[in-house]
Amino acid sequence: MNRKSVTSRDVAKLAGVSQSAVSRSFSPDAKVAEKTRKKVMAAARELGYRPNSIARSLITRSSRTIAVVTYSLENPFYSFMLEKASRYFQQQGYHLQLFFAPSDNGFDTVIDDIIRSQVEGVLMLAITLDSTQAKEVADFGIPCVVINRTVNFDGISQVGSDNHSGGYWAGHYLASLGHRRIAYIAGLPNSSTDLQRKAGFLEGLAKDGLTCHAVEIGNYRYADACHATRRLFASLPSPDALFCANDLMAIAAIDTLRHEFGLSVPEDVSIIGFDDVPMAAWPSHSLTTLKQPVEFMASKATELLMAQINQVDTAPENIMLPVTPMLRSSTRRSIHHSKKSLKELSDAHHRSAR
């Protein structure tokens, strides 16, 4: 039998079940006896049958597809988050369709493709979205959740981390170690994550009477951060510490300083990152960083999106999660090392601000 001509009727005949039982066996949410399901799957494998998902979507008016929009997967943080989200959606019988957009105001370039694709929801990773674009998504009635970005629009659910407090801790901690020429390698200009981390960092420095020694842009990318590091250390006096807006750029800075400038981390330069990607803990980097709760972020974002898709009566949520300092050997040790937690520092900062 030609595999392309195999139908659900053929599978039903071989398995000795009804055609509707075959259909239910391939539907994740349908109720069917496990014995029946096994018989159907065995017959389907023998005949080489594959259900026609396109035809089913026309019948059910459900594509069971989620659009994921990002500008890059170079950052391991987003690769890890995408893996967690993908596993969750698979358990719900959904699959992901990936859309890449330019990093600068790039959502406009993919919105039409998303609409034509008949996806049931949109998960936005690392895309700068303004309130006009966010409203456009809402007006189309497409369920949408923004993850690790902030948009000034109440009609879309957002899940992110406390970037400001993380930046504040980094600035204050580097100053507490005795550093005085503390520079910043920024992420994408005008992205909410970078603006919030930088603002907190500057306030953390100011707490100790310092200003930022210099700023260079790394665009959250490895190669760009290497160039940023070269610019920072091309003239004297060079920085004695760096706060990088993500781990990928911090690792780029470590590699550049060691292999091109012959400097030692942390003896010559202390470095702090942000995210706590798996490679941050590798012995070759041992990066001090701010840990984002990536698994919880992914599970919460997918939960919110599925609630919208299933038309659960719930209002859009704006969820901000705490970050956790991970002290490793990319920062120098201090005799007066402070054991204050991020929450204690942040609470003290907010009290002084009042």
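**Reading burial, strands and cores**

Author: With a relative accessibility of 12%, S192 counts as buried, because buried means under 20% relative accessible area. Please bear in mind that this is a predicted model.

Reader: Where is S192 found, and with which residues is S192 in contact, leaving aside its neighbours within four places in sequence?

Author: S192 belongs to helix α9. Beyond its neighbours within four places in sequence, S192 is in contact with R149 and T150.

Reader: Is G200 buried or exposed?

Author: G200 is buried, since its relative accessible area is 0%. This glycine, G200, lies in helix α9, which covers residues 192–207. Once neighbours within four places in sequence are set aside, the contacts of G200 are H164, G167 and Y168.

Reader: How should I read a sheet?

Author: Strands of a sheet pair through backbone hydrogen bonds, either parallel or antiparallel. In this model, an open sheet of six strands runs in the order β2-β1-β3-β4-β5-β11, and the pairing is parallel. Its edge strands are β2 (95–100) and β11 (318–321), each of which pairs on one side only. On average, neighbouring strands of this sheet are turned by 15° against each other, direction ignored.

Reader: How many bridges join β3 and β4?

Author: Strand β3 (residues 121–125) and strand β4 (residues 144–147) pair in the parallel sense over four bridges. L123 stands opposite V145 in β4.

Reader: What does L123 touch, not counting residues up to four places away in sequence?

Author: The list for L123 consists of I66, A67, V68, V69, A85, F89, V145, A301 and L305.

Reader: What is the general idea behind a nonpolar core?

Author: In soluble globular proteins, nonpolar side chains tend to be buried together. Here the largest nonpolar core has 90 residues, of which V122, L123, L242 and I271 touch the most other members. Helix α12 (residues 294–309) gives the most to this core, namely eight residues. The core draws at least three residues from each of domain 2 (65–162 + 294–321) and domain 3 (163–292 + 324–352). Apart from this core lies another, of 13 residues, including V6, V11, A21 and F26.

Note on methods. Residues numbered from 1 in each chain as written. Predicted model: local features only at pLDDT ≥ 70, side-chain atom pairs only at ≥ 80, totals over all residues. Heavy atoms only, no water. Pairing = 2+ DSSP bridges. Helix = DSSP H or I, 4+ residues; strand = E, 2+ residues; numbered from the N terminus. Axes fitted to C-alpha atoms, helices over the stretch in contact; angles between N-to-C directions. Buried < 20%, exposed > 50% of the residue type's maximum accessible area, 1.4 Å probe, protein only. Contact = heavy atoms within 4.5 Å. Core = buried A, V, L, I, M, F, W, Y, C linked by side-chain atoms within 4.5 Å. Domains from an automatic or database assignment.
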